[in-house]
Amino acid sequence: VETFPVTDSVLKGTMVIEVQQDCTLLATKYEVWLYTKSETGETPHLIVMGKDPEPNTSYGPGCLIMPCDLKAGQTITHPWMVMDVDLASALRKAGFADPNAAAGDPRVRLQVKCIADVKGSPFDPSAEVDVRLVPGG
């Protein structure tokens, strides 16, 4: 994911998991956050969460079927998709009457948090990536 039109409702990307020790991956989870800055600081807005995949389901060749036993040193590349992304509503609540006006505005940023749900881990590993907003069609 590099850019995302503010009026789109589906966000897709690829999660890369570098396995540090033998483990069982139960699922991958995704959170889409919109951050808005004001004089008082930055405010996070959780837009949508997703979990992938449903237990014992594969979405096609090359996709993992979870739960999945992984070995130290393995690198997994896993495509993902989050639906029902409604940035326009969140931007209106944050004071942007026209959601397209938020594209390129330095007070606004979109972030995707990817989480590996690992069996037995008290803290699931995660990574965040900022996504550049662009005007919608």
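**Exercise 1.** In this predicted model, determine which strands each supply at least two residues of the lining of the largest pocket.

*Solution.* Four strands meet this condition: E2 (11-18), E3, E7 (108-118) and E8 (126-134). The largest share of the lining, six residues, comes from E2.

**Exercise 2.** The structure holds two aromatic pairs. Classify the pair formed by Tyr30 and Trp80 and explain which parts of the chain it ties together.

*Solution.* The ring centres of Tyr30 and Trp80 are 4.9 Å apart and the planes lie at 20 degrees, so this pair is stacked. The cut-off used in this step is that planes under 30 degrees apart count as stacked. Now locate the partners: Tyr30 belongs to strand E3 (residues 23-38) and Trp80 to strand E6 (residues 75-82), so the pair ties together parts 50 residues apart in sequence.

**Exercise 3.** State whether Tyr30 and Trp80 are buried or exposed.

*Solution.* Tyr30 is buried, and Trp80 is buried as well. The criterion applied is a relative accessible area under 20%.

**Exercise 4.** Identify the residue that lies over the face of Tyr35 and give its distance from the ring centre.

*Solution.* The residue is Arg109, at 4.1 Å from the ring centre of Tyr35.

Key: Residues numbered from 1 in each chain as written. Predicted model: local features only at pLDDT ≥ 70, side-chain atom pairs only at ≥ 80, totals over all residues. Heavy atoms only, no water. Phe/Tyr/Trp six-rings, centres within 6.5 Å; stacked < 30°, edge-to-face > 60°. Buried < 20%, exposed > 50% of the residue type's maximum accessible area, 1.4 Å probe, protein only. Lys NZ or Arg CZ within 6 Å of the ring centre and 35° of its normal.
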